[in-house]
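Hello,

Here is the structure I said I would pass on. My notes on it follow below.

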Amino acid sequence: MALDRNTRGLTERRIRDAKPESKARILWDDTVKGLGVRVTPAGAKSYILNYRVAGRERRATLARCSEINLKAARERAGSELAAIRAGEADPLQRRRAAREAPTVAELVEQFFAVEAPARIARGRMKPGTVETYGYQARTHILPAIGKRRVVDVTRADVERMVAPLPSVTRNRVLALTSGLFRLAETWGSRPHGTNPTRGVERAREEARDRTLAPSELAALAAALSDAEARFPANVAAIRFAAVTGLRIGEVLAVRWEHIDFESGRLLLPETKTGRRWHDLPSPALAILADLPRFGAWTFTNTGGRSPATYKRVRQCFARVAAAAGLEDVRLHDLRRTVMTRAAMAGVGTHVLRDLLGHKTTQMADRYVRALADPVREARETVGAEMAAMMEGKAGDVVPVRGRNG
């Protein structure tokens, strides 16, 4: 490459009038040392910067001459030289790092290959959670931002990703995305404090209160009986969940060694609140007594080799619910129905807490408040009194019976 050491330095006019030659050449500036304009045989003109790092000479392209003017090029060159003298990464190092920067897809892959197994080993995550995260990543995160470099993802990218999602899904995907980018910051793939989910508004979630009425439970029971021959373990798991109020994940994790038939108790070694014993009602014990013992797992469709899966049980429940003519019903609604029936029977919040398997009475309080029998009674009594008076009849206020919550 020909080097034009003309001491006139660079001017806008000289750059504009520079003609291509048979070989590329560089016109040097005499204001900022190391700044030059490279002119290729094809006539392309770019600002370049020569500098030294650890005694070695390097040359980096700053910008095309059509993109910035000479003044801006001098400012950029001066900033780069000052940063290099301060020991910061030079332009070529940054460019190399950018090429090697991981994509979101690579970040997700690293999470499931390294971080998730480590958390499971530490008891900080369950395999079922990893499965859920995998579904969220494949369905929502990777199609939207998987090809983007981790360092380039912005809040606007995240906003576009979650904009079409329903409230609950939006919040779950945001939580996973936030966790992934916190890891990226820890692993050095993104500067600290730049998580792109910050400031993205979470959706308001309405608590689900669907329970099954006695007639619906009867229809479900009939449909379960019809499906039992084809899906014996799945049907048994659904029935067991219905009479115990246990989470379906807890049901599917049951092993024969966890059951004490003599005391009527079930050991739950791993739950959201830790290891605990659960008293089994007689219908639950009857379900267990009727199950064949293929191996270690209590509910299994594969001759004891592995437990029934949540996916298969959920699919079975959806099929059975449809056959029973039930609408807007989910597997977890069985647990909610058990707790609602217990609250209606007058079970107090502390006993409900233990039935739920929670550490606090917050959820139990929700079931008791949801019933609100005293409020309904008061509303009925006062409404009848007002209606009577509006019809010109004397209305005697009937005292509302008290109830301890």
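Asp328 is exposed, with a relative accessible area of 53%; exposed means over 50%, buried under 20%, and partly exposed in between, with a 1.4 Å probe and protein chains only. Asp328 lies in the loop between helix 12 and helix 13, where helices (H or I, at least four residues) and strands (E, at least two) are DSSP runs numbered from the N terminus. Its phi is positive, near 50°, and the residue is not a glycine.

This is a predicted model, in which local features need pLDDT of at least 70 and side-chain atom pairs count only at pLDDT 80 or more, while totals for chains, interfaces and linings use all residues. Residues are numbered from 1 along each chain as its sequence is written, and side-chain values use heavy atoms, with hydrogens and water left out.

Ala54 also has a positive phi without being a glycine, at about 55°. It sits in the loop between strand 4 (45-53) and strand 5 (56-64) and is exposed, at 81% relative accessible area. Most residues other than glycine have a negative phi.

Leu331 is in the loop between helix 12 (310-323) and helix 13 (333-344), but is buried at 10%. Beyond four places in sequence, Leu331 has contacts (heavy atoms within 4.5 Å) with Ile238, Ile248, Tyr310, Val313, Arg314 and Phe317. The C-alpha atoms of Leu331 and Val313 are 8.8 Å apart, with the two residues 18 apart along the chain.

Gln136, in helix 5 (residues 127-145), is buried because its relative accessibility is 11%. Outside four places in sequence, Gln136 contacts Ile141, Arg172, Val173 and Leu176.

Regards
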